[in-house]
Amino acid sequence: MALKASPIWVCPRTPCSDLGSSDLWSRNSGSAFNLRFDLEKSRKWECCCLAVLAQRAITPVEDEKPDVSSVGPSWGIERTQGNESRGFHKDLNLLPKPLSANDLSSCSKDGSKVRVAYQGLPGAYSEAAALKAYPKCETVPCDQFEEAFKAVELWLVDKAVLPIENSVGGSIHRNYDLLLRHRLNIVGEVQLQVNHCLLGLPGVRMEEIKNVLSHPQALAQCDVMLSNLGVVRINTDDTAGAAQMVASTGLRDTGAVASARAAEIYGLDVLAEKIQDDDDNITRFLVLAREHIIPGTDRPYKTSIVFTLEEGAGVLFKALAVFALRDINLTKVKSRPQKQRPLRVVDDSNEGSAKYFDYMFYIDFQASMAEPRAQYALEHLQEFATFLRVLGCYPMDTVL
């Protein structure tokens, strides 16, 4: 299996090159973005999805460069260096066939053939999200978020499911930055209702708990309950890890805030259920893969993009207006400072003294890239954006 480049949404009239795999759009391009996504043109669309616009150089964004210093050779690269690459195949029927839309959909019905990476230990909420997306998948735990990204890039797993925002705690900034650093595509989303439980060793009563371990956000989301108990809060990397620590240490005065499934896995008792302050505690997860999925219009779709703007009065308003003009609903607007260029001089000269933050804007909108209105909106956005990348177009998760 050869290593594949990440796809790009580009205009088919624009000359393509194989210089990279990020979704770059040039704001000065004169080509009309008049894609009509149908079966007859899908082959041309898929071909153009593997290249970037290369007619003109645009302002580079350092944040979007992947961190490949610690990434070794992938399985696909190693295989192409074997005997298969030394000569032609004698039987053309033995050549691998390209994936079709049917192949992608059949593989993801129940996840029986899918290996999915997540951050944390078994029993984590991220694992529950992976099992919701692919009920029969093989879940692969990772210590950190970035390791889950790399696991997909190195072909160790097929997908990664990572949290991106919580209805109480807000956005997970680290994963927004990693989305830009790595070349993975968003192929789905999962909305999971989080129900925190207080766990303890078998036979322990709630009154005996003096210390509670969990992820900082989980502890914050259960502030009222923990304050009433008067316990000492101790931060851990994830909720399932907290449950494992309680089980391994055997301390009767120590509990954990985690899921009921974590209690089953680590042999703990559920001392109290649904201890979060807000009943509607929803975490949204993204499903990431190496290849994009072919967008459609058969169900509600969402598209995620990231872009930068030149400084000017009302530029952000104009950028967002391209969606309002086409009746496209924005479900998320997130700004993040550019790490490689956090400050810019206002007058763009070395003598200037006033400075301001230079931001990147992440936007989710409810429309499919197969719809002309979404294509026209992105073409219009190029008039204001100095950098634009489509992170993915994927079906919305409408079931909790």
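Analyst: To begin with a definition, two strands count as paired if DSSP finds at least two bridges between them. The model here is predicted.

User: In which order do the strands of the four-stranded open sheet stand?

Analyst: The general idea is that strands of a sheet pair through backbone hydrogen bonds, either parallel or antiparallel. In this structure, the order of the four strands is β15-β18-β14-β19, and the pairing is antiparallel. β15 (329-337) and β19 (385-395) are the edge strands; each has a single partner strand, so one side of each is left without a neighbour in the sheet. From one strand to the next, the twist averages 15 degrees.

User: How many bridges join β15 to β18?

Analyst: Eight bridges join these antiparallel strands, with β18 covering residues 359-366. For one case, look at Ser335, which stands opposite Phe361 in β18.

User: Which strands of that sheet does α6 touch?

Analyst: α6 packs on the sheet and touches β14 (301-309), β15, β18 and β19. The direction of α6 makes about 90 degrees with that of β15. Helix α12 (residues 372-381) also packs on the sheet, where it touches β14, β18 and β19. The direction of α12 makes about 160 degrees with that of β19.

User: How does the open sheet of five strands read?

Analyst: The order is β10-β9-β11-β8-β12, and the pairing is mixed. At the edges stand β10 (232-235) and β12 (269-273), each with a single partner strand, so one side of each has no neighbour in the sheet. Neighbouring strands are turned against each other by 30 degrees on average, if direction is ignored. Strand β8 (residues 197-200) runs antiparallel to β12, and four bridges join the two. Cys197 has Glu273 of β12 as its bridge partner.

User: Which strands does helix α9 lie across?

Analyst: α9, residues 239-249, lies across β8, β9 (211-214) and β11 (254-258). It runs at about 155 degrees to β11.

User: At what angle do the axes of α5 and α6 cross?

Analyst: For a pair of helices, take the angle and then the handedness. The axes of α5 (residues 145-153) and α6 (residues 173-181) come within 10 Å and cross at roughly 30 degrees. Angles under 35 degrees count as roughly parallel, and α5 and α6 are therefore roughly parallel to each other. Their crossing is right-handed. From α5, the contact is made by Phe145, Glu146 and Phe149; from α6, by Arg174, Asn175, Leu178, Leu179 and Arg181. The residues of this contact divide into four nonpolar, one polar and three charged.

User: Is Trp155 buried or exposed?

Analyst: A residue is called buried under 20% relative accessible area and exposed over 50%. Trp155 has 8% relative accessibility, so Trp155 counts as buried. Trp155 lies in the loop between α5 and β5 (159-166). Its phi is near 65 degrees, a positive value in a residue other than glycine.

User: Where does Asp327 lie, and is Asp327 buried or exposed?

Analyst: Asp327 lies in the loop between α11 (315-324) and β15. Its relative accessible area is 66%, so Asp327 is exposed. Asp327 is not a glycine, yet its phi is positive, at about 55 degrees.

Terms used. Residues numbered from 1 in each chain as written. Predicted model: local features only at pLDDT ≥ 70, side-chain atom pairs only at ≥ 80, totals over all residues. Heavy atoms only, no water. Axes fitted to C-alpha atoms, helices over the stretch in contact; angles between N-to-C directions. Parallel < 35°, antiparallel > 145°, perpendicular 65-115°, else oblique. Left-handed = near helix turned anticlockwise from the far one by under 90°. Contact = heavy atoms within 4.5 Å. Nonpolar A, V, L, I, M, F, W, Y, C, P; charged D, E, K, R; others polar. Buried < 20%, exposed > 50% of the residue type's maximum accessible area, 1.4 Å probe, protein only.
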